[in-house]
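Please look through the structure below with its sequence alongside.

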Amino acid sequence: MERYQGDLERLHGPQLLPSHRQALQAMRRCRRQGSDLMVLQCSNCEHSVKIPHSCGHRSCPHCQHHESQQWIERQRAKLLPVEYFLITFTVPAELRPVFWQHQRATYDLLLRTCWQTIDSFARRDPKLRGKIGAHAVLHTHNRRLDYHPHVHLIVPAGAIHEQRREWRSKAKGYLFPEANLARVFRAKWFEGMRQLGLQVKSTIPREWVVHCKSVGRGEKALIYLGRYLYRGVLPEKNILSNEDGMVTFRTKDNAGMEIIQTISGGDFLWLLLRHVLPRRFRRVRDFGLLHANGKRLIQLVQLLLRVVLPDRTEPSHKPAVLCPQCGGVMEVLAVRVRGMRPLLS
């Protein structure tokens with residue numbers, strides 16, 4: 001990564017944002033010489049070692065696997081014995097320059113507008129007329145890693161009428177008409193842009209695209225999205241070679257066909273960095289009855305649907321580090337920043 005930074009600055013320096021530079025700095029030092037150190041000691045033989053600390057950046061391909069698994073476990077606890085739908089909202093390519101120039105505002109507007117569209121349909125639907133829920137996840141890329149902002153929502157096919165304490169569901173295999181979703185989404189989006197004072201000079205297509213498909217009981221869709229929440233956009237296993245200033249990597253197209261590309265190291269870093277989100281921006285959000293503040297509501301729904309909850313279990317912990325001498329479990333003795341006193345001892 002370090003040897004390509006000069007190439008990156010030469011090719012894309014003016015486009016680099018502070019969030020890109022912070023991500024680059026973190027990943028460059030992740031688990032390598034010069035990074036922060038953890039001092040571990042074996043609980044059996046007292047052998048101690050110093051290991052480089054992970055950077056913990058959410059765009060780093062090395063880190064955040066544990067956080068991703070924890071998110072999946074939290075959402076599994078909310079699963080209902082109903083049909084789930086995966087609803088994908090996309091915006092026309094003509095809007096991408098506005099997204100790039102106003103990332104925090106437009107990403108937030110996109111997530112909120114998608115939810116408002118689903119929520120309005122559920123409240124007006126003759127079969128539902130209640131409060132629905134959704135897990136919403138923002139993606140900024142397609143399978144080829146092109147800049148392509150869109151949102152996935154995992155939605156249970158039902159709603160709760162809070163006053164009557166009644167669960168209402170739709171016929172199997174159908175939730176909302178895609179064309180109607182797209183029209184309402186488009187109208188809400190432009191109203192949101194107007195309130196933010198954002199304008200687009202190019203002509204915007206009248207027909208927008210929304211996909212709504214059944215995903216069974218929802219667990220597989222949660223696992224699929226969870227794997228991409230807390231890691232970089234390209235797994236290391238898909239980087240095939242790194243020689244003579246050129247990087248060869250593997251992606252897929254929308255049909256699932258494998259694509260092999262070779263580009264310069266600077267362009268490769270830019271391909272990854274442009275999908276780094278603004279600092280502290282939440283790319284995954286829960287809405288409606290699935291919101292974190294709605295625990296009593298989801299418990300009511302589970303009661304109405306006669307959900308048998310598993311015994312309360314402790315949250316999963318990170319895998320233990322084993323002693324290279326005796327195989328015992330090693331404990332963190334101190335966390336040190338190079339050149340500073342221990343932060344934890």
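Trp208 counts as buried because its relative accessibility is 8%, where buried means under 20% relative accessible area, exposed means over 50%, and partly exposed lies in between, as found with a 1.4 Å probe on protein chains only. This is a predicted model, in which local features need pLDDT of at least 70 and side-chain atom pairs count only at pLDDT 80 or more, while totals for chains, interfaces and linings use all residues. Residues are numbered from 1 along each chain as its sequence is written, and side-chain values use heavy atoms, with hydrogens and water left out.

Eleven aromatic pairs are found when the whole structure is searched; rings of Phe, Tyr and Trp (its six-membered ring) pair if their centres lie within 6.5 Å, and planes under 30 degrees apart count as stacked, over 60 as edge-to-face and the rest as tilted. One of these pairs is formed by Phe185 and Trp208, whose ring centres are 5.5 Å apart and whose planes stand at 70 degrees, so the pair is edge-to-face. It links distant parts of the chain, since Phe185 lies in helix α6 (residues 178–196) and Trp208 in the loop between α6 and β8 (210–214), 23 residues apart. Phe185 is also buried, because its relative accessibility is 0%. Together with Phe89 and Phe190, Phe185 and Trp208 form one aromatic cluster.

How are the planes of Phe249 and Phe268 set relative to each other? Their planes lie at 50 degrees with the ring centres 5.4 Å apart, so this pair is tilted. Phe249 belongs to strand β10 (residues 246–252) and Phe268 to helix α8 (residues 265–273), so that this pair, too, links distant parts of the chain, 19 residues apart.

Turning to the strands, Thr140 lies in β4 (residues 133–141) and counts as buried, because its relative accessibility is 3%. Its side chain makes a polar contact of 3.0 Å with that of His275, a polar contact being a pair of N or O atoms within 3.5 Å; within protein, one must be able to donate a hydrogen and the other to accept it, and residues adjacent in sequence count only if both atoms are side-chain atoms. Leaving aside residues up to four places away in sequence, Thr140 touches several residues, including Tyr107, His148 and Leu277, where contact means heavy atoms within 4.5 Å. Strand β4 pairs with β12 in the antiparallel sense over five bridges, and two strands pair if DSSP finds at least two bridges between them. Val137 has Val284 of β12 as its bridge partner, and β12 (residues 284–288) is mostly covered, with five of its five residues buried.

Helix α1 (residues 5–12) has Asp7, Leu8 and His12 among its buried residues. Seen down the axis of α1, the buried residues fall within an arc of 100 degrees, so they line one face of the helix; the arc is that of the directions from the helix axis to the C-beta atoms. Gly6 and Arg10, on the other side of α1, are exposed.

For the protein chain as a whole, there are nine helices and 14 strands, which are DSSP runs numbered from the N terminus, helices being H or I of at least four residues and strands E of at least two. Buried residues make up 46% of its 345 residues.
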